[in-house]
Each structure stands twice: as C-alpha cells, then as structure tokens.
Amino acid sequence: MSESIAVFPAPRPKIRRVPVDRPWVWLAAGWRDIVAAPGPSLAYGLLPVLAGWLAVLLMLWLDLPYLVLPLSAGFFFIGPFIAVGLYEISRRLEARHIVDGETTLLAWRRNPEQIALMGALLLLFHLAWMRAAQLLFAIFEWRTVPSWDRFMDLVWTSSKSLPFLAVGIGVGAMLAAIAFAIGAFSIPYLLDRRNSNMFEAVATSVAAVRLNLRPMLLWASLIVFLTVFGMVLGLLGLIVTLPLVAHATWHAYRDVVTFDLA
C-alpha cells in the first residue's frame with residue numbers, strides 16, 4: 001500500500017513598488033539595528049577596514065600606487081558579499097533571536113554554495129574593473145608610476161587627466177550599475193531563502209531594481225555617498241557606514257521582496 005505525501009508549493013517572490021523616498025526609512029531601520037547590536041555590527045565593520053589598509057599598504061609596497069583607487073572601488077562591487085554577516089544580524093534581530101559573533105561570522109553556512117557563487121560573481125566584476133583600470137593606464141601611456149605623489153600629479157595636472165578621468169568614471173559606472181542591479185538584494189535573498197539558488201536571487205534583484213528604479217537610484221546614490229564618506233576618513237568611517245548600509249539593505253530587501261504561495 002503506497003503512502004501519499006503532501007507537497008506544499010514553494011513561495012514565489014513578489015516585488016513591491018515603494019515610494020521614491022523609501023531609502024531614508026531603510027537607513028533609519030539600519031541605524032536601529034546598529035543601536036540594538038552595536039558590538040557585533042561595529043566589530044564586523046572593522047574587518048574590511050583592516051583588510052583595506054592591508055591591501056593599500058601592499059599596493060604601495062609593490063610600487064603600484066595607481067591600483068590603490070581601483071582597489072578601493074572594490075567596496076562597491078563586493079560589498080554585498082562582505083556584508084553577509086551584517087545581513088544575518090538584521091535577520092536575527094527581526095526574528096528576535098540571539099545575536100553573537102559566532103552566528104554573524106558563520107552566516108554564510110545558511111546557504112554556503114550559492115552565497116559563495118554569488119560572491120565569486122561579484123568578485124569577477126571587481127577583477128574586470130581592476131583589469132579595465134590597468135588597460136586605461138596603458139592606453140594613456142602611464143604604464144609605470146614611480147610614486148604616489150607622481151601618480152596624483154599625472155591624474156590631476158596632466159593634459160590627459162580629463163579624458164582619463166572621464167573614461168575611467170564612465171567604465172566604472174557602467175560596471176557598478178550592472179553589479180548593483182544583480183547584487184542589490186541577491187545575498188539577502190540567498191540568506192533568507194535557504195533553498196534558493198543564485199540565478200533565482202539575481203533575477204529577483206534585477207526585477208526589484210527595475211520596478212523601483214527611482215528609489216533604487218536614490219539608494220545607490222546614498223550607498224556611494226556613505227561609502228566615499230567612510231573612505232575619505234582613512235577608511236575608518238566604514239566601521240560605521242558599512243554596517244549602516246548593510247543593515248539598511250536587509251530592510252530594503254524585506255520591504256521590496258515579499259513571498260506568495262504559488
């Protein structure tokens with residue numbers, strides 16, 4: 001005699017349209033998460049700052065100062081992957097679970113293969129940007145830059161500075177826009193839906209950005225402002241701004257992406 005098994009349909013993602021000023025609500029919710037869990041949030045924010053200092057020192061030690069700025073832009077590309085533990089803090093606060101360092105650092109275990117694949121995809125965008133930056137220096141005949149001071153002179157006072165900066169900003173903006181569309185909600189989605197895959201997460205993220213273009217443009221601008229603000233303070237500002245953006249991103253995901261049964 002065969003035994004019947006009830007099969008329940010998996011919930012499907014549904015995109016909500018939000019007002020253009022909604023990112024301010026997300027930031028306020030992100031700040032509340034920092035206040036609720038300041039230790040784990042700020043400690044997690046310190047880790048990429050230390051990694052950033054190490055990477056900058058390495059580039060300068062290798063006499064590659066022209067790669068410092070492209071490398072710093074990596075926060076825009078791989079930031080969603082770096083922030084996976086911060087998303088977990090917000091998820092646990094929302095669910096009224098205990099927040100501690102171990103669960104934060106091991107958050108990727110909720111969906112390890114797919115989160116790793118998403119991280120690899122975002123890393124490819126960063127590597128593409130680094131390669132594009134090297135090609136730009138070659139095109140503009142700046143193959144070797146002997147010192148940081150000489151590099152700044154070439155960038156800001158040379159006759160080639162304006163076209164170099166224009167092309168560099170254009171290429172970087174194009175890659176960043178694509179990375180933002182696919183990464184805006186992908187990793188929060190993978191963290192939240194443990195049985196989901198990268199393709200489903202990317203499709204949901206792109207749809208969410210497309211259907212909320214104006215608020216997402218404001219959100220992208222706020223992310224750029226907060227990240228740059230954190231960087232100009234010797235990266236120290238990222239200890240606060242990175243957790244703020246990450247926590248706010250989780251609330252943005254929960255606000256924009258809902259689930260209905262099929």
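Modeller: Contact here means heavy atoms within 4.5 Å. The model is predicted, so local features need pLDDT of at least 70 and side-chain atom pairs count only at pLDDT 80 or more, while totals for chains, interfaces and linings use all residues. Residues are numbered from 1 along each chain as its sequence is written, and side-chain values use heavy atoms, with hydrogens and water left out.

I take Thr104 as the part to look at. Thr104 lies in helix H6, which covers residues 101-105; helices (H or I, at least four residues) and strands (E, at least two) are DSSP runs, numbered from the N terminus. Leaving aside neighbours within four places in sequence, Thr104 is in contact with Pro40, Tyr44, Gly85, Ile89 and Val99. Thr104 counts as buried because its relative accessibility is 4% (buried is under 20% relative accessible area, exposed over 50%, partly exposed in between, with a 1.4 Å probe and protein chains only). A polar atom of the Thr104 side chain lies 2.8 Å from the backbone oxygen of Asp100.

Some totals put this residue in context. The protein chain comes to 13 helices and 2 strands. Of its 262 residues, 45% are buried. Among contacts between residues at least 6 apart in sequence, 78% join residues at least 24 apart.

Next, the charged pairs. The whole structure holds 6 salt bridges, each a side-chain nitrogen of Lys or Arg within 4 Å of a carboxyl oxygen of Asp or Glu. One of them joins the side chains of Glu88 and Arg91, at 2.8 Å from N to O. Glu88 and Arg91 are separated by about one helical turn, because they are 3 residues apart in helix H5 (residues 84-94). Both Glu88 and Arg91 are buried.

Glu94 and Arg254 form another salt bridge, at 2.9 Å from N to O. Arg254 lies in helix H13 (residues 238-256) and Glu94 in helix H5, so this pair ties together parts that are 160 residues apart in sequence. Glu94 has a relative accessibility of 38% and therefore counts as partly exposed. Arg254, at 36%, counts as partly exposed too.

Arg254 has a salt bridge with Asp192 as well, the closest N and O atoms being 3.5 Å apart. Asp192 counts as buried because its relative accessibility is 17%. Elsewhere, a network of salt bridges links Arg16, Arg22 and Asp255.

The aromatic pairs come next. Rings of Phe, Tyr and Trp (its six-membered ring) pair if their centres lie within 6.5 Å; planes under 30 degrees apart count as stacked, over 60 as edge-to-face and the rest as tilted. By this rule there are 5 aromatic pairs. In one of these, the ring centres of Trp26 and Trp219 are 5.7 Å apart and the planes stand at 85 degrees, so the pair is edge-to-face. Trp26 is in helix H1 (residues 22-36) and Trp219 in helix H12 (residues 213-232), 193 residues apart, so to speak a link between distant parts of the chain. Trp26 has a relative accessible area of 2% and is therefore buried; Trp219, at 2% relative accessibility, also counts as buried.

Tyr189 and Tyr253 form an edge-to-face pair as well, with 6.4 Å from centre to centre and 80 degrees between the planes. This pair again links distant parts of the chain, Tyr189 being in helix H10 and Tyr253 in helix H13, 64 residues apart. Tyr189 is buried, with a relative accessible area of 1%, and Tyr253 counts as buried at 0% relative accessibility.

Tyr189 and Tyr253 belong to one aromatic cluster that also takes in Trp250 and Phe259. The charged end of Arg193 sits over the ring of Phe259, 3.9 Å from its centre; the rule for this is NZ of Lys or CZ of Arg within 6 Å of the ring centre and within 35 degrees of the ring normal.

Methods:
A polar contact is a pair of N or O atoms within 3.5 Å; within protein, one must be able to donate a hydrogen and the other to accept it, and residues adjacent in sequence count only if both atoms are side-chain atoms.
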